[in-house]
Amino acid sequence: MGMNLNLKATELRLGLPGSEEHEKQLPSSTSRSNKRASPEVSEDSRTSNGKSSLLGSRNCVRDDAPPTKTQVVGWPPIQSYRKNNMQVKRDEGDNGGVYVKVSVDGAPYLRKIDLKVYKSYPELLKALETMFKLTIGNYCEREGYNGSDYAPTYEDKDGDWMLVGDVPWEMFVCSCKRLRIMKGSEARGLSCL
Amino acid sequence: MIEDPVYQMSEDDDRSPPLDLGGPASVTESSNKTRNCTGVSGSGSSPIEFQAQYPDQVLENVLENVLYFLTSRRDRSAASLVCKSWLHAEALTRSDLFIGNCYAVSPQRVTARFTRVRSVSIKGKPRFADFNLMPPNWGAHFTPWVAAMATAYPWLEKVYLKRMSVSDDDLAHLADSFPGFKELVLVCCEGFGTSGLAVVASKCRQLRVLDLIESEVTDDDVDWISFFPESQIYLESLIFDCVECHVNFDALERLVARSPSLKKLRLNRLVSIGQLYRLMIRAPQLTHLGTGSFSTSAEVMAQGEQEPDYVSALAAAFAACKSLVCLSGFREILTDYLPAIYPVCANITSLNFSYANINAEQLKSVICHCHKLQIFWVLDSICDEGLQAVAATCKELRELRVFPVDAREDIEGPVSEVGLQAISEGCRNLRSILYFCQRMTNAAVIAMSRNCPDLVVFRLCIMGRRRPDHLTNEPMDEGFGAIVRNCKKLTRLATSGLLTDKAFSYIGEYGKLLRTLSVAFAGDSDMGLKYLLEGCPKLQKLEIRDSPFGDAALLSGLHHYYNMRFLWMSSCRVSRRGCREVARAMPRMVVEVMKNDLEEEVMADYVEILYMYRSLEGPRDDTPKFVEIL
């Protein structure tokens, strides 16, 4: 006895028998235009319907359609204005203050980057290297950034200047307020610590 | 947006029995008859100044005076069913009208029966329309209502509409017809734009309240705020946080400055923090504030200027708002500014952070001050850790809503049973919860049922469809069963996760006060729905999607459907034949059958969407093409 019902196998769904099932939520149509929703806009989010509990093989109208991800309309039940607002923020990338200023010693002006765009330190450092046309080198725990005149540092929530790379990435993203790429003797001084 | 408790009450207080389905006889006629039958009461001599009246007339006057004090809808409906003269007296003294389903009764019938109405509330579309489960333009038009009321209720003061389709013409008609109009509240409405708002602003000279909540407002390029005349100095509430176009800030500032009675002001996300500051210093008397973006404007950001230090100035402005109890907005929050709200935290009872993507640390810095908090809406970005902080401080919490930042199904998810458990342990006075999560356990739900026995509303949304308890891999039956068993005041329930028919047998057995139930992707067979229809005598609103309930289950509820406001079933297993049978058996039910996807061909007998409701009027005459009434 027990709950080995394998409901998925007996589930009646729309689609050709044996078709692979990828159930993904379609990202909500992010028309920020507050013009009345046109039928096309609403259609987008309701394409090949996810009537996932239904007629199954009896309804083979979509013979020509490739096995699709079953997109489920209106699930999870979040009202569209709420979804659109979160989408807006994702698009603008301007939430939680992860745009940080980046200064490089000797450069005439600062830049701003969005830390959320990067998933790890190597990605971030590569982007900085490209942006400022310099080499930062590799991080090592003992000696910081060796083999380079530059060292990336950041100001954390407490106002202290820290070496980039010591803490886990997520913690860094949360606590980093601005970046400063140090150069020359100051940087070398760090690596001697 | 925080639902004003008054509106919330309208939702929960809907206990009115069905309108007298026997067909009302002409009310005037019957009361005349009564008078004629009695003749003069001639006992003894009466002083000249006191005219002896027919005894029934006296009774009716007494009744009217008494009924004047009766405000509960349920009591009024009960009173009106006593006899014809009570029906008449009650109809004369009812000043607040509540229409739970705009198609249950016609404007003509309503205006004929109730002649002295000052305030009207009308609800239209079913709730699942919010989630695109139904094509647009289904109906719920305000037009016939405003037309009927324009002639019948010249003294109308207040209109509250929820999920109605309201056009600019409707708003113009309203503005033209009611010289004493004071309050307009539109919740989840659409069909109008800034031009309609402009007409209301300029013509409703007595306007006190203009509240636009979660409504879609088209941008007609009309500067509606400027249409409030200089003589408009009585405004008490202005809520426009859902309006997605810029408002003329100078005009808004002048309006706020000349409105000393303004208590509620909720700005839209296009108002910057600098503008917020300027408004706040003009309105320290505010009790409800929606902060708008709570961020600097785009131009300032682009120039990379050092943002002026608004924090201390803003904190002072907040500190000056000694009456502030309800705070919302934070639409694009710059967390550096969060400390500005610390001065009001100790007093606020309602906080809406549901647009603020803040983490646990940032939340903690605020919530640690919020000892009086009763209503809290937040994003799951605060994680279980944030919820633990809420549980530690907010001992008076009555309502919690946790929304997902990322509403997809197969992701990790930052809140879980850990947060729910913590809330249940810390917030024993909880009445209402809406919780979106990716994983949950029966144990945590059971714990909540024990720790929070006063729960009235329990809505759990495990976003992955049919997800079991993620620790035991069992269905969520026991958790929901415990909720209905232990929370004896429960009136609203929304289920999710893997549920077998057993869960529904629990609900049917214990959910005796349940009025509203939402079911999605749940159950094994017809028995599930049968348990509900046979077991829950108070059930009024039942919405079901993607569950394996068919005709047999549908037909097992015939004894109950007249007591309900509506039944919604989409992507279930009901057929046209079954729906037609219901329509035949119940002449006062309107049985609407709809297709959501207009392109797709479906089997002839299959019903994609069933929406049925009781009505005194029979099939409506404004059905769009995709609706068929059986």
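Author: A salt bridge here is a side-chain nitrogen of Lys or Arg within 4 Å of a carboxyl oxygen of Asp or Glu. Side chains of opposite charge can pair when their charged atoms come close. The model is predicted, and a search of the whole structure gives 35 salt bridges over all chains.

Start with B:Arg331 and B:Glu244, whose closest N and O atoms are 3.8 Å apart. How covered are the two partners? Residues count as buried under 20% relative accessible area and as exposed over 50%, with partly exposed in between. B:Arg331 has 5% relative accessibility and is therefore buried. B:Glu244, at 24%, is partly exposed.

The next pair is B:Glu332 and B:Arg269, which meet in a salt bridge of 2.8 Å, N to O. B:Glu332 belongs to the loop between strand 11 and helix 14 of chain B, and B:Arg269 to the loop between strand 9 (264-267) and helix 11 (273-280) of chain B, so this pair joins parts that are 63 residues apart in sequence. B:Glu332 counts as buried because its relative accessibility is 12%. B:Arg269 is buried too, at 6%.

A further pair is B:Glu592 with B:Arg620, where the closest N and O atoms are 2.7 Å apart. This pair links distant parts of the chain: B:Glu592 is in strand 21 (residues 589-594) of chain B, and B:Arg620 is in the loop between strand 22 (609-614) and strand 23 (627-629) of chain B, 28 residues apart. At 0% relative accessibility, B:Glu592 is buried. B:Arg620 has a relative accessible area of 9%, so B:Arg620 is buried as well.

Salt bridges can also form a network. In this model B:Arg76, B:Glu90, B:Arg94 and B:Arg113 are linked in that way.

For contrast, consider some nonpolar side chains. B:Val58, B:Val62 and B:Val66 make up a nonpolar patch on the surface, with about 220 Å² of accessible area together. B:Val62 lies in helix 3 (residues 55-67) of chain B, and its relative accessibility of 44% makes it partly exposed.

Note on methods:
Residues are numbered from 1 along each chain as its sequence is written. Chains are lettered from A and ligands numbered from 1 in the order in which they are written. This is a predicted model: local features need pLDDT of at least 70, side-chain atom pairs count only at pLDDT 80 or more; totals for chains, interfaces and linings use all residues. Side-chain values use heavy atoms; hydrogens and water are left out. Patches are made of residues with over 30% relative accessible area and no salt bridge: like charges are joined within 9 Å, nonpolar side chains (Val, Leu, Ile, Met, Phe, Trp, Tyr) within 5 Å. Accessible areas come from the Shrake-Rupley method with a 1.4 Å probe; for residues, only the protein chains shown count as cover. Helices (H or I, at least four residues) and strands (E, at least two) are DSSP runs, numbered from the N terminus. Buried means under 20% relative accessible area, exposed over 50%, partly exposed in between (1.4 Å probe, protein chains only).
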